[in-house]
Amino acid sequence: MLIALGAMGAQGTSAVAAISPSTPVAAQSGGWLFVETYVDWSTCVDAGQEYQREGWHEWKCSYEPIGVYRLFIR
């Protein structure tokens, strides 16, 4: 299983910016929010980095055996 993780450094920010993903958040698991499914790795990573720039603290892309990548944020 391949997973990309991104995290913001501790910069004294406690508030999370409100953003609206292109699709509704469908599931929550262990604090991670499912955002979207992508067909390639680079698109998933780009989207995760965009969420990080918008104020989310962490993101990860996880590979699913059906050949897609799922983006999660928290």
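**View A. Arg53 and Glu50 join their side chains in a salt bridge, 2.7 Å from N to O.** A salt bridge here is a side-chain nitrogen of Lys or Arg within 4 Å of a carboxyl oxygen of Asp or Glu. This is a predicted model, in which local features need pLDDT of at least 70 and side-chain atom pairs count only at pLDDT 80 or more, while totals for chains, interfaces and linings use all residues. Residues are numbered from 1 along each chain as its sequence is written, and side-chain values use heavy atoms, with hydrogens and water left out. Arg53 and Glu50 sit 3 residues apart in helix α1, so about one helical turn separates them. Helices (H or I, at least four residues) and strands (E, at least two) are DSSP runs, numbered from the N terminus. Arg53 is exposed, at 59% relative accessibility, and Glu50 is partly exposed, at 33%. Buried means under 20% relative accessible area, exposed over 50%, and partly exposed in between (1.4 Å probe, protein chains only).

**View B. Arg74 and Glu58 also meet in a salt bridge, 2.8 Å from N to O.** Arg74 lies in the segment after β5 and Glu58 in strand β4, so this pair ties together parts 16 residues apart in sequence. Arg74 is partly exposed at 35% relative accessibility, and Glu58 is partly exposed at 26%.

**View C. The largest nonpolar core has 13 residues.** Such a core is a set of buried Ala, Val, Leu, Ile, Met, Phe, Trp, Tyr and Cys residues joined through side-chain atoms within 4.5 Å. Helix α1 gives the largest share, 4 residues.
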